[in-house]
Amino acid sequence: MKLNDYFYLQELLPERIYALPDSRRFIDQRIIDFLLAIRKLSGKPVTVNNWHQGGPYQYRGYRDPECDQGAKYSMHRIGLAVDFTIAGEHSTDVTDIVLANAALWPQLTRIENHLFTPTWTHVDFKPATKPGITIFDPV
């Protein structure tokens with residue numbers, strides 16, 4: 001299912017969940033909007049899941065209850081988080097792009113410290129009580 005000019009639904013869901021009827025409901029629209037904007041800002045391909053192309057990633061968007069990757073209460077589990085890479089960009093540079101354009105995503109609340117994720121970037125829309133984007137260390 002094509003979501004926009006750059007992304008397909010299978011890029012955001014694991015294979016088992018993608019096969020379900022109405023699987024679109026598992027990913028928040030803010031994730032899709034964020035990815036489209038970051039793709040346009042960078043001008044480069046963005047990779048989330050690539051299982052549908054024979055690649056190793058299928059849990060970088062939504063993570064279903066059977067997935068054993070990540071934290072038990074991760075925002076991935078409710079469709080509010082995404083891990084991604086931008087072709088040719090280090091996570092430090094991606095973090096800079098996100099923070100420099102934070103006004104585009106007023107509900108984006110967290111980005112994982114790139115020192116812990118040097119080969120990818122994690123962002124999420126975890127409900128927060130204060131405005132702005134927090135850089136957090138994984139627990």
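This is a predicted model: local features need pLDDT of at least 70, side-chain atom pairs count only at pLDDT 80 or more; totals for chains, interfaces and linings use all residues.
Reader: Let's start with holes. How many cavities of 30 Å³ or more does a search of the whole structure find?
Author: One cavity of 30 Å³ or more turns up in that search. The volume of this largest cavity is about 30 Å³.

Reader: Which residues line the largest cavity?
Author: The lining is made by Phe84, Thr85, Ile86, Glu89, His90, Ser91, Val94, Thr119, Trp120 and Thr121.

Reader: And which strand or helix supplies at least two residues of that lining?
Author: Strand E2, residues 81–86, does, and so does helix H3, residues 91–100. E2 gives the most, with three residues.

Reader: OK, new topic. Where does Arg63 lie?
Author: Look in the loop between strand E1 (46–47) and E2.

Reader: Is Arg63 buried or exposed there?
Author: Arg63 counts as buried, because its relative accessibility is 9% and the cut-off for buried is under 20%.

Reader: What does the side chain of Arg63 make a polar contact with?
Author: One partner is the side chain of Asp83, at 3.1 Å. A polar atom of the Arg63 side chain also lies 2.6 Å from the backbone oxygen of Tyr59.

Reader: Which residues does Arg63 touch, not counting those up to four places away in sequence?
Author: On that count, Arg63 touches Gln69, Gly70, Ser74, His76, Arg77 and Asp83.

Reader: Switching to rings: how many aromatic pairs does a search of the whole structure find?
Author: The search finds four aromatic pairs. One of them is Phe26 with Tyr62, a tilted pair at 5.0 Å centre to centre, with 45° between the planes.

Reader: Which parts of the chain does that pair link?
Author: Distant ones: Phe26 is in the loop between helix H1 (15–18) and helix H2 (29–42), while Tyr62 is in the loop between E1 and E2. The two residues are 36 residues apart.

Reader: Phe26 first: buried or exposed?
Author: Phe26 is buried, since its relative accessibility is 15%.

Reader: And is Tyr62 buried or exposed?
Author: Tyr62 is buried too, with a relative accessible area of 7%.

Reader: Last one. Which residues form one aromatic cluster?
Author: Phe34, Phe84 and Trp105 do.

Terms used: Residues are numbered from 1 along each chain as its sequence is written. Side-chain values use heavy atoms; hydrogens and water are left out. On a 1 Å grid over the protein atoms alone, a cavity is a set of points where a 1.4 Å probe fits but cannot get out, and a pocket is an open set with protein on both sides within 12 Å along at least five of seven lines; lining residues have an atom within 4 Å of a point. Grid points are joined across faces, edges and corners, and a volume is the space filled by probe spheres set on the points. Helices (H or I, at least four residues) and strands (E, at least two) are DSSP runs, numbered from the N terminus. Buried means under 20% relative accessible area, exposed over 50%, partly exposed in between (1.4 Å probe, protein chains only). A polar contact is a pair of N or O atoms within 3.5 Å; within protein, one must be able to donate a hydrogen and the other to accept it, and residues adjacent in sequence count only if both atoms are side-chain atoms. Contact means heavy atoms within 4.5 Å. Rings of Phe, Tyr and Trp (its six-membered ring) pair if their centres lie within 6.5 Å; planes under 30 degrees apart count as stacked, over 60 as edge-to-face and the rest as tilted.
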